[in-house]
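I open a notebook page for a structure that is new to me. The entries follow in the order in which I looked things up.

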Amino acid sequence: MTQSLPGRHPAPERAPAGRGELPVVVVGAGPYGLSVAAHLRAAGVPVHIFGEVMGSWRHAMATGMFLKSTPAATDLSAPGPGARLADFRRLQGEPELTELTPIPCDVFVRYGQWFQKQYVGDVDPARVVSVDRDGAGAGWTVRPADGRVVAARAVVVATGLNGLAHIPDQLGRLAPEGAGPGALVSHTSHHTDLSCYAGQRVAVIGGGQSALESAALLHEAGAEVRVLVRENRVRWGTTPVLSRPWPTRLARPASPLGTGYVLAAVCRAPQAVRQLPASARLLLFRRALGPSGGWWLRERVEGVVPVQTASRVTDAEVTPRATAGLRLTGPHGTSDLTVDHVLAATGYRLDLDALPFLSPALRRELVCVPGSRAPELAGTLESSVPGLYFTGSLAAPVFGPMMRFVAGTEFAATRVARDILRRIRAAR
């Protein structure tokens, strides 16, 4: 990944002053939720944001992990200068990061926490258990786990990938009571510390960044690791060049997601992506960025950790010794592998049914992108249910792959805030 989208933040419009205004509820306090809240508050719109600040980044990333994004593609969005990662580093007296400096996850977490204090204010840590329209149908009722009832004029879902982890059915059979660190199979998002597998045999399933970095961390912690990759080879990112000559820039323009005309186009024109047929959008969502490892990770994996390519897990069972028995299929036939634990780096599946806080009636009413369980959205990121907005990865099948990354926060936050502000003005 390279640089963030260019552009200057205009001075935000402000909502008309009034008393007793219902707040906009933002569910989720990660990069998208914080960015949306920052824009709304700068516009004078009351906001009630629920969630643990940077919670997924604190609890779904193993200690020692780095971001795959480059520094300039990792900025949260606020309507004004001074909110970039580089600004945070400078104010903390820390050196500026470059494309040749992988960003530790703990640095990004600290940046998000600083952003919240500077641009968002109070965040309610309660877990939301119910979101539904109120009885009159003109507003919303949000219920956190502590039993309160919060009335809202609109709801923005910014829960990221929380609850969307995907474990293939054949691996799920290893843990009929549920996958997790204490079971025979877990997902990479279940872990904050992989050192608990020291001395154990671990199979890592997947060929993307989370699989390869988890394998490196497991190996460095003393585990016996093998990576099983479906593709014929492992793909690695190329080492960034800080100053590219103009012919290279012309041939392969830069974007927050990497170089090349396709990535540059989908990052500069997410609204144009939305105009494509649903089948084309889903193809772009699934294939624009295939699994790969960061350039800086390669030396910790290649020639260090055994990687078995062109290999699929076709069956899995619990052995009499309570280990995991895997049946593998590859170009040379089938083979068996027995390990103490299986770590599934098998990605995420966008599915509205995995958001239990949305009432069943509401989920039935939401129109989905044909061929998926992700919500169809207007250009404002509003769903088919008026007053209900979706950001982040759940918006990627509509606006393209940039919404899977922090680089999409500015696009999402500005449009959501602008539409809510327009509605407030129209209602006066």
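Which residues is Pro253 in contact with, leaving aside its neighbours within four places in sequence? I found Arg244, Gly258, Thr259, Gly260, Tyr261 and Ala264, where contact means heavy atoms within 4.5 Å.

I note the basis of these entries: this is a predicted model, in which local features need pLDDT of at least 70 and side-chain atom pairs count only at pLDDT 80 or more, while totals for chains, interfaces and linings use all residues. Residues are numbered from 1 along each chain as its sequence is written, and side-chain values use heavy atoms, with hydrogens and water left out.

I placed Pro253 in the loop between α7 (246-251) and β12 (254-255). Helices (H or I, at least four residues) and strands (E, at least two) are DSSP runs, numbered from the N terminus. Pro253 counts as buried because its relative accessibility is 17%; buried means under 20% relative accessible area, exposed over 50%, partly exposed in between (1.4 Å probe, protein chains only).

Next I looked up aromatic pairs, and a search of the whole structure gives 9. The rings of Phe108 and Tyr111 have centres 6.1 Å apart and planes at 45°, so this pair is tilted. Rings of Phe, Tyr and Trp (its six-membered ring) pair if their centres lie within 6.5 Å; planes under 30 degrees apart count as stacked, over 60 as edge-to-face and the rest as tilted. Both Phe108 and Tyr111 sit in helix α4 (residues 105-120), 3 residues apart, about one turn of the helix. I found Phe108 and Tyr111 both buried.
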